[in-house]
Amino acid sequence: METKFKEAVEKFRKSDKKIKAAVIIGLIGILLLGISELTPKRSNNSEKQQTSYSDYTNDLEEKTEKIISSIDGVGKCNVMITLKNSNESVFAKNIQQNSENGNYSSQSEYVLYNGQNGETPVLIKEFFPEIKGVAVVCSGADSIAVREEIIKCISSLYGISSAKISVSKMRG
């Protein structure tokens, strides 16, 4: 066995530079694959931390304030957004349906996988809440043109009617 190894090493030393480079690259690749198996794996989409209702609302409000305050004439502004409902998650299910002698029955169970925190259901989709209404209070709201620009901006951003958007003048 030892002589075969020595023969292989000797052939490698005498071989062409291209062959040496290919063998070295191959060994480096194998080494990298081995290292990647030892590093902790990233969690997949269904193990992401879910955004809380208030975090989601605060994020929307901050982004909306930033956009609205950049409109000419708006000045300082505050935004409040109300949502219709909370997040909705759709999980994968196994469904068994039986139809015997005119009787119909159905059983379902969630599809689970072994995650880092034990068995976890498989997430298919996640729906974020719909925007119910937006209130904007800003220093430039005494101008009709500014109010219209704010309403147009929010309506196009969130796809809601102008009836669900309120723009008021900030007290001075």
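Let's start with the parts list: the chain has 4 helices and 9 strands. Keep in mind that this is a predicted model. From the N terminus, the order is α-α-α-β-β-β-β-β-β-β-β-α-β. The chain has 172 residues, and 19% of them count as buried.

Next, helix α4. Find residues 144-158. That is 15 residues, reaching 21 Å from the first C-alpha to the last. The expected length, at 1.5 Å a residue, is also given as 21 Å.

Which residues of α4 are buried? They are V146, I150, C153 and I154. They sit on the same side of α4, because they cover an arc of only 90° around the axis. Here is the general rule. An α-helix has 3.6 residues a turn, so residues three or four places apart point the same way.

Turn to the other side of α4. There, I144, E148, K152 and S156 are exposed. And what covers the buried residues of α4? The cover includes α3 (53-69), β8 (131-138) and β9 (165-169). After the helix comes G159, with a positive phi near 65°.

Now the core. The largest nonpolar core has 21 residues. The residues with the most contacts inside this core are I68, V74, V134, V136, C138, I150 and I154.

Take I68 as an example. Leave aside its neighbours within four places in sequence. Then I68 is in contact with V74, C77, V79, V136, I150 and I154.

Last stop: aromatic rings. The structure holds 1 aromatic pair. F91 and Y110 form this pair, and the geometry is edge-to-face. The centres are 6.1 Å apart, with 90° between the planes. F91 lies in strand β2 (residues 88-91), and Y110 lies in strand β4 (residues 103-110). So the pair ties together parts that are 19 residues apart in sequence.

F91 has 28% relative accessibility, so F91 counts as partly exposed. Y110, at 46%, counts as partly exposed too.

Note on methods:
Residues are numbered from 1 along each chain as its sequence is written. This is a predicted model: local features need pLDDT of at least 70, side-chain atom pairs count only at pLDDT 80 or more; totals for chains, interfaces and linings use all residues. Side-chain values use heavy atoms; hydrogens and water are left out. Helices (H or I, at least four residues) and strands (E, at least two) are DSSP runs, numbered from the N terminus. The expected span of a helix is 1.5 Å times one less than its number of residues. Buried means under 20% relative accessible area, exposed over 50%, partly exposed in between (1.4 Å probe, protein chains only). The arc is that of the directions from the helix axis to the C-beta atoms. Contact means heavy atoms within 4.5 Å. A nonpolar core is a set of buried Ala, Val, Leu, Ile, Met, Phe, Trp, Tyr and Cys residues joined through side-chain atoms within 4.5 Å. Rings of Phe, Tyr and Trp (its six-membered ring) pair if their centres lie within 6.5 Å; planes under 30 degrees apart count as stacked, over 60 as edge-to-face and the rest as tilted.
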